[in-house]
Amino acid sequence: MTKRIFRSILLVAGAVLLAGIVLIMGVLYGYFGGVQERQMEDELTLAVAGVEADGESYLRSVDTDRFRLTWIAADGTVLYDTQADAASLENHAERTEIAQAMQSGTGSSTRYSSTLLEKTMYYARRLSDGTVLRIAISRATVGVLVLGILQPVIIVAVAALILSNILAHRLSARIVDPLNNLDLEHPLDNDAYEELAPLLGRISRQHELIERQMEQLRRETQEFTQITNSMREGLVLLDHHGCVLSINPAALRLFGADEDCVGKDFLTVDRGVELTGAIEAALRDGHSEIRAQRGTQLWQFDLSRTGEPGAEAGTVILAFDITEQERAELSRREFTANVSHELKTPLQGIIGSAELIENGMVKSEDLPRFVGHIRMEAQRLVTLIGDIIRLSQLDEGVELPREPVDLRALSQEVVQDLQSAAKQKNVTIRVEGDEVRVTGVRRLLYETVYNLCDNAIQYNVDGGSVTLRTEKAGQEARITVADTGIGIPPDAQARVFERFYRVDKSHSKASGGTGLGLSIVKHAVQYHNGKIQLQSTPGQGTSITVTIPIE
């Protein structure tokens, strides 16, 4: 209130001061301007008479710096000027006051200086011989006059400011002090103006009501916050305008937002068309569901309308991370389908051969071949079941005994075991590198190297080679299996470690592979906290490097 009183008094004082200055300046400027114009006309009349009588000799006799006389011929040429050399002056025929004087006998004009702080008034009159005599007087503008009185104006303004301040403090102190001393926490205990008693009574009752409501709201908010903060699911509450009322930490992480989004439109949190459409569907139908990808995770969003359909209906968004569930379901379906298919193939061969033998449809000389086929398919079935069991053990994280393993000696053992298979494919296989020891599960490491080398042989070209290299790199051991085979297409390189995935299914069936070899490699390396790096160029070969921590 003190500031308002101060501003009011200062505004009134300033308005009065400004109005007085403008009024006085206007009146004085107009009055003295009129006097100066009349004097200029009188002086020009006398000068015209002198020039009519004595010509240029009269002008030479004029000695004053208050005004300037210029004599111009009928064609605009300057004949004489009291303050400049006439020969150096340009033609004046186009000047406004000269042109007016040539036409009507008299003319006048006003021109301002470049700084607008001075103006020059011109008044011209035509003589009897057709020439024109012009008088010019310089005059200060209003701006110069204002600058001239600026100092007293400032003094008056400062005085008004000080006086306004003093008056404001005195007036406001009497009015505001009783109000400033009100104890709004205990409104009924105040001894103030009688007019304030009803107001203070209402404030007291509102205090009691607000305090009860605030306490209840604090309890409910605390309970709600504790529940939502501990949720793994994302929870977002929207009002009927689509603005965020509440969002829990899980939802903040999901949408990559921060707590500043509360109170803002949900579009600032997520601009996805699918989710926006789901919100509209929930407001219209009461409920909607969508699944959407967020980064590498798959989320299910359940949206429900709060309240009845209408302008005040809001939306609740509940987000569930179903990535692992979806992956597990997909993996289960694929695994079941693949296992069924892979088990059915050798079983059908066994059953078919057994039925032919049982029905006596096999000649005695062909019997060994059919029995051999049954044995081969049964061995394939046993191998497949063994691979599935090993994968199950690795999936379940069964702890296996560890021991020091020399990777170079292990590699030489693998090469020795695969020599016959390499000769059948006309492929040379050799071991290079240094002796490297790691602590691990020997059986898993053997199967890792065996499967990599077996694949390198099976998918090689006639006369090709397989190089197995072991080396130490810091605190890690590296096993590299490089071949000169057919290579792996770029679109299949990311999937070769999946279960039952085959790049060339016809080639795999011919080689008797189960499709689980590289999957076992992947899980065995992960069991040893290692990494696999694959480089392959179709038609040139493949190089797979397994890196395992030494300890």
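The count of aromatic pairs comes to three, where rings of Phe, Tyr and Trp (its six-membered ring) pair if their centres lie within 6.5 Å. The model is predicted: local features need pLDDT of at least 70, side-chain atom pairs count only at pLDDT 80 or more, and totals for chains, interfaces and linings use all residues. Residues are numbered from 1 along each chain as its sequence is written, and side-chain values use heavy atoms, leaving out hydrogens and water.

**Phenylalanine pair and cluster**
- Phenylalanine 255 and phenylalanine 266 are edge-to-face, because their planes stand at 85° with the ring centres 5.7 Å apart (planes over 60 degrees apart count as edge-to-face, under 30 as stacked, the rest as tilted).
- This pair links distant parts of the chain, eleven residues apart: phenylalanine 255 is in helix H7 (249–255), phenylalanine 266 in the loop between H7 and helix H8 (273–285).
- Helices are DSSP runs (H or I, at least four residues), numbered from the N terminus.
- Phenylalanine 255 has 11% relative accessibility, so it counts as buried (under 20% relative accessible area; exposed is over 50%, partly exposed in between; 1.4 Å probe, protein chains only).
- Phenylalanine 266 is also buried, at 4%.
- Phe255, Phe266 and Phe301 make up one aromatic cluster.

**Tyrosine pair**
- Tyrosine 446 and tyrosine 450 are stacked, because their planes lie at 25°, with centres 5.8 Å apart.
- Both sit in helix H13 (442–458), four residues apart, about one turn of the helix.
- Tyrosine 450 is partly exposed, at 27% relative accessibility.

**Charge over a ring**
- Arginine 111 lies over the face of tyrosine 122, 4.0 Å from the ring centre (NZ of Lys or CZ of Arg must be within 6 Å of the centre and within 35 degrees of the ring normal).

Key:
Helix = DSSP H or I, 4+ residues; strand = E, 2+ residues; numbered from the N terminus.
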